[in-house]
Amino acid sequence: MTTALRLTWLLAALPLLATPARAAAPGESEAELRRGCLEATRRAVALELEGAEERLRAARGGLGPAENVPRFEAQLARLTRERARFEAMKAADYALPDGRAAPEPALPAPGESGPLTPPRKRIITIVAGETCGEGSLLVAEDQSRSGPFYHLAGIRGGDCRALQPGRRYELEAYLVYRRDYVGFIQDHYLYVAAFAPR
């Protein structure tokens with residue numbers, strides 16, 4: 001090859017060499033994230049439904065004040081509607097954050113539990129506990145006795161055991177559901193989109 005021909009070939013190939021390689025097309029990873037967050041939201045609603053049914057049974061059995069029965073019935077009805085809404089939803093219709101969403105208030109009003117649409121993205125450092133499964137508490141480094149609390153509702157790849165007990169991890173997490181908890185305490189179900197040992 002002559003020098004001029006080599007130079008022409010190199011100049012033509014230069015833009016191709018400068019293009020970074022991608023592991024997956026952006027649409028594929030976004031679709032996977034939508035599916036993961038939707039499934040985690042469905043699981044969060046199911047876990048909340050189980051808790052509401054137990055509280056209602058206890059209230060009907062005479063535990064606590066009589067006013068709890070209609071309150072828990074209303075909660076169960078709301079959760080049943082949420083379950084139907086998310087079961088009917090297609091992953092493509094699940095809203096993801098666009099980066100312009102306002103951050104969650106530091107002290108949300110009590111009683112504002114339910115799905116977060118779009119979910120809130122967080123980077124969280126945790127130490128994995130002895131048991132790691134759906135609904136289990138992930139202990140964050142910044143957690144105090146007043147929270148914030150994070151409960152696992154889903155993880156990329158579907159295997160919660162990927163988080164090994166006693167190891168520190170940095171999580172790319174999406175808060176998908178604010179749990180019904182006391183007062184202003186932050187308590188969420190989340191989906192783990194990525195994690196790395198620290």
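1. Let's start with Val 45. Leaving aside residues up to four places away in sequence, Val 45 touches Leu 79, Glu 82, Arg 83 and Tyr 177; a contact here means heavy atoms within 4.5 Å. Val 45 is found in helix H2. Is Val 45 buried or exposed? Val 45 counts as buried because its relative accessible area is 1%, and the cut-offs are under 20% for buried, over 50% for exposed and partly exposed in between, with a 1.4 Å probe and protein chains only. Arg 179 is 134 residues away from Val 45 in sequence, yet the C-alpha to C-alpha separation is 9.3 Å.

2. A word on what you're looking at. This is a predicted model, where local features need pLDDT of at least 70 and side-chain atom pairs count only at pLDDT 80 or more, while totals for chains, interfaces and linings use all residues. Residues are numbered from 1 along each chain as its sequence is written, and side-chain values use heavy atoms, with hydrogens and water left out.

3. Now the overall layout. The protein has 3 helices and 5 strands, and along the sequence they come in the order α-α-α-β-β-β-β-β. Helices (H or I, at least four residues) and strands (E, at least two) are DSSP runs, numbered from the N terminus. Of the 198 residues, 36% are buried. Taking contacts between residues at least 6 apart in sequence, 69% join residues at least 24 apart. The exposed surface comes to about 12,000 Å², with carbon and sulfur atoms supplying 56% of it; these areas come from the Shrake-Rupley method with a 1.4 Å probe, and for residues only the protein chains shown count as cover.

4. The strands make a closed barrel of 5, running S1-S2-S3-S5-S4 with mixed pairing. From one strand to the next, the twist averages 45°. Two strands count as paired if DSSP finds at least two bridges between them. As background, strands of a sheet pair through backbone hydrogen bonds, either parallel or antiparallel.

5. Follow strand S1 (residues 114-127) around its neighbours. S1 and S4 run antiparallel and are joined by 10 bridges. S1 also pairs with S2 in the antiparallel sense, over 2 bridges. Which residues does Ile 126 face on each side? Tyr 169 stands opposite Ile 126 in S4, and Ala 140 is the bridge partner of Ile 126 in S2.

6. How does helix H3 sit against the strands? H3 lies across S1 and S4 and runs at about 90° to S1. For angles like this, axes are lines fitted to C-alpha atoms, for helices over the stretch in contact, and the values run from 0 to 180 degrees between N-to-C directions.

7. On to charges. A salt bridge is a side-chain nitrogen of Lys or Arg within 4 Å of a carboxyl oxygen of Asp or Glu, and by this rule the count is 12. One of them joins Glu 48 and Arg 179, at 3.6 Å from N to O. This pair links distant parts of the chain, 131 residues apart: Glu 48 is in helix H2 (residues 26-60), and Arg 179 is in the loop between strand S4 (168-178) and strand S5 (187-197). Glu 48 counts as buried because its relative accessibility is 7%; Arg 179 also counts as buried, at 19%.

8. Another salt bridge brings together Arg 60 and Glu 73, 2.8 Å from N to O. Here the link is between helix H2, which holds Arg 60, and helix H3 (residues 68-88), which holds Glu 73, and the two residues are 13 apart. Arg 60 is exposed, at 55% relative accessible area, whereas Glu 73 is partly exposed, at 34%. Elsewhere, salt bridges with shared partners join Arg 43, Glu 50 and Glu 134 into one network.
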